[in-house]
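Please read these notes with the structure open beside you, and take the points in order.

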Amino acid sequence: MTTPDLAAARTREPSRADRVRGPLLGAVGGVAAMGLLRIYDPHGSGSYGYCPFLTVTGAPCPLCGGLRAMNDLTHGNFSAALLSNAAAVFILVAGAVLIARWFVRRWKGDAAAALLPAGRMPLLIFGVVMLVFTVYRWTPWGSWLYQG
C-alpha cells in the first residue's frame, strides 16, 4: 500500500459489524454465564468456591448470593432470586439494558458509544448504593436480604 492508501485505511469508518462486535460479545458472554448457572447449581456450599470476605468476616459482601440469585432467575423463581441478592438482580437487569442501549447506539452508527455512561457520578452513585445495601444487609432489619 502506498502512504495515501494507509492513511485512508486508518480513517475509514468502521463497518456495522465492527461497531456491534463489543455489544454482541458482551451479550453472548452474559448468556453463556447464565447458561452455566442454569446447569451447575450454586446452591451447594462451596460449589463455586467461597467468598473470601464472607469467610474472613462472617458477613456477606455486596455480591454474596449473586450466583444463587442468577440460578433462581434461570429457573423462573424471581422471589427466591431477590432473597438471595436483590442487588445482583438489579445489576443483571441494568446490565442487560446497558448492553441493549450500547448495541442500538452502535447499530445506528455511533462508533464511540460506550457501555457505561461517562463521568464519575454514575460510578459514585452505584458505589454508595452498594455500600448502603451491604451495610443494611448486616443489620437485623435487612437480614432478610441475605439467605446464605
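**Notes on the predicted model**

1. Leaving aside residues up to four places away in sequence, Q147 touches R68 and L83, where contact means heavy atoms within 4.5 Å. Q147 itself sits in the segment after α6 (121–138), and helices such as this one are DSSP runs (H or I, at least four residues; strands are E, at least two), numbered from the N terminus. Although Q147 and L83 are 64 residues apart in sequence, their C-alpha atoms are 6.2 Å apart in space. With a relative accessibility of 41%, Q147 counts as partly exposed, a class that lies between buried (under 20% relative accessible area) and exposed (over 50%), using a 1.4 Å probe and protein chains only.

2. Before going further, please keep in mind that this is a predicted model, in which local features need pLDDT of at least 70 and side-chain atom pairs count only at pLDDT 80 or more, while totals for chains, interfaces and linings use all residues. Residues are numbered from 1 along each chain as its sequence is written, and side-chain values use heavy atoms, with hydrogens and water left out.

3. Which residues of helix α4 are buried? In this helix, residues 66–74, they are G66, R68, A69, M70, N71 and D72, and the elements that cover them include α2 and α5 (78–107). After α4 comes G76, which has a positive phi near 80°.

4. Helix α5 contains L92, which is partly exposed, with a relative accessible area of 32%. Not counting residues up to four places away in sequence, L92 touches M34, M70 and L73. By contrast, L92 and G46 are 46 residues apart along the chain, and 22 Å separates their C-alpha atoms.

5. How many salt bridges does a search of the whole structure find? The search finds two, a salt bridge being a side-chain nitrogen of Lys or Arg within 4 Å of a carboxyl oxygen of Asp or Glu. In one of them D18 pairs with R21, and the closest N and O atoms are 3.1 Å apart. Because D18 and R21 are three residues apart in helix α2 (residues 16–39), about one helical turn separates them. D18 is partly exposed at 28% relative accessibility, and R21 is partly exposed at 45%.

6. The side chains of R105 and D110 also meet in a salt bridge, at 2.8 Å from N to O. As a general point, side chains of opposite charge can pair when their charged atoms come close.

7. Turning to the chain as a whole, it has six helices and zero strands, and its C-alpha trace spans about 70 × 35 × 25 Å along the principal axes. The chain has a radius of gyration of 20 Å, whereas a compact globule of 148 residues would have one near 15 Å; this radius is taken over C-alpha atoms, and the globule rule is 2.2 Å times the number of residues to the power 0.38.

8. Buried residues make up 23% of the 148 residues in the chain. Of the contacts between residues at least 6 apart in sequence, 53% join residues at least 24 apart, and the pair of Q147 and L83, 64 residues apart, may be read with this in mind.
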